[in-house]
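Welcome, and take a moment to look over the model before reading on.

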Amino acid sequence: MATPLTLKLDVPVTSGRILLHCCCAPCSGAILECMLANGLRPAIFFSNSNIFPEEEYVKRRAEIVRYAALFGLQVIDDEYNHESWLEAVRGLENEPERGARCTQCFRFRLLRAARYAADNGFDVLTTTLASSRWKDLAQVDAAGEWACSGLPVVWWGQNWRKGGLQPRRDEIVREQGFYNQIFCGCEFCK
């Protein structure tokens with residue numbers, strides 16, 4: 001295993017509990033390694049009702065549970081509710097990747113994470129969605145800000161691609177033998 005990255009993180013608050021919304025283990029690997037190297041121990045919130053079919057959701061959840069166990073990190077499994085997600089993106093099915101459907105999807109998932117954080121004493125929310133080169137960072141960040149507005153939770157819009165995290169992500173995928181999907185999980189993005 002390579003040496004964990006020691007990128008200095010600029011956390012928006014100096015103390016408090018961090019909730020990391022997680023899209024999948026491959027996107028989480030280097031982020032978790034970096035957070036731990038910075039003395040941060042987040043709880044992981046797996047909230048991905050966008051993933052279809054449910055068997056795909058189960059595979060992805062199993063991978064993050066397996067990886068988190070290596071570090072003794074808590075994984076919180078949000079309710080899988082694909083029907084509610086479909087309702088949230090209704091009328092946007094034909095939008096391109098990085099379009100309005102993605103904005104609505106990020107809002108749906110990050111609002112669930114922000115509400116969970118607020119209800120369970122977490123002070124900070126961030127997401128692994130900001131690690132994917134397929135996602136628009138400004139779009140992810142705007143959705144996170146929107147989700148946390150009005151709640152006692154600070155949005156941490158960290159760019160999880162910089163500082164060598166992207167190449168380290170790929171190394172961890174190989175080291176761990178992660179199930180590494182080639183799409184976000186949404187049936188409309190294929």
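Buried here means under 20% relative accessible area, exposed means over 50%, and partly exposed lies in between, using a 1.4 Å probe and protein chains only. This is a predicted model, in which local features need pLDDT of at least 70 and side-chain atom pairs count only at pLDDT 80 or more, while totals for chains, interfaces and linings use all residues. Residues are numbered from 1 along each chain as its sequence is written, and side-chain values use heavy atoms, with hydrogens and water left out.

**The sheet as a whole**

- Helices (H or I, at least four residues) and strands (E, at least two) are DSSP runs, numbered from the N terminus.
- Two strands pair if DSSP finds at least two bridges between them.
- An open sheet is formed by 5 strands in the order β3-β2-β1-β4-β5, with parallel pairing.
- At the edges stand β3 (75-77) and β5; each has a single partner strand, so one side of each is left without a neighbour in the sheet.
- Helix α1 (residues 25-37) packs on this sheet and touches β1 and β2, and its direction makes about 165° with that of β1. Contact means heavy atoms within 4.5 Å, and axes are lines fitted to C-alpha atoms, for helices over the stretch in contact, with angles from 0 to 180 degrees between N-to-C directions.

- Strand β1 (residues 18-22) runs parallel to β4 and is joined to it by 4 bridges. Leu-20 stands opposite Thr-126 in β4.
- Strand β5 (residues 154-155) is also parallel to β4, with 2 bridges between them. Leu-125 has Trp-155 in β5 as its bridge partner.

**Strand β2**

- Between β1 and strand β2 (residues 43-46) there are 4 bridges, and the two run parallel.
- Leu-19 has Ala-43 in β2 as its bridge partner, and Cys-22 stands opposite Phe-46 in β2.
- Ala-43 and Phe-45 point one way from β2, Ile-44 and Phe-46 point the other way, and all are buried.

**Aromatic rings**

- Rings of Phe, Tyr and Trp (its six-membered ring) pair if their centres lie within 6.5 Å; planes under 30 degrees apart count as stacked, over 60 as edge-to-face and the rest as tilted.
- The count by this rule is 8 aromatic pairs.
- One of them is the tilted pair of Tyr-116 and Phe-122, at 6.2 Å centre to centre with 35° between the planes. Tyr-116 is partly exposed because its relative accessibility is 23%, and Phe-122 is buried at 4%.
- Trp-156 and Trp-160 have ring centres 5.3 Å apart and planes at 65°, so their pair is edge-to-face. Trp-156 has a relative accessible area of 3% and Trp-160 has 1%, so both count as buried.
- Phe-45, Tyr-116 and Phe-122 are linked into a cluster by ring pairs.
- Arg-17 lies over the face of Phe-122, 3.9 Å from the ring centre. A charge sits over a ring if NZ of Lys or CZ of Arg is within 6 Å of the ring centre and within 35 degrees of the ring normal.

**Glu-63 in helix α2**

- Glu-63 is found in helix α2 (residues 54-71), and Glu-63 counts as buried because its relative accessibility is 11%.
- Leaving aside neighbours within four places in sequence, Glu-63 is in contact with Ala-25, Gly-177, Phe-178 and Tyr-179.
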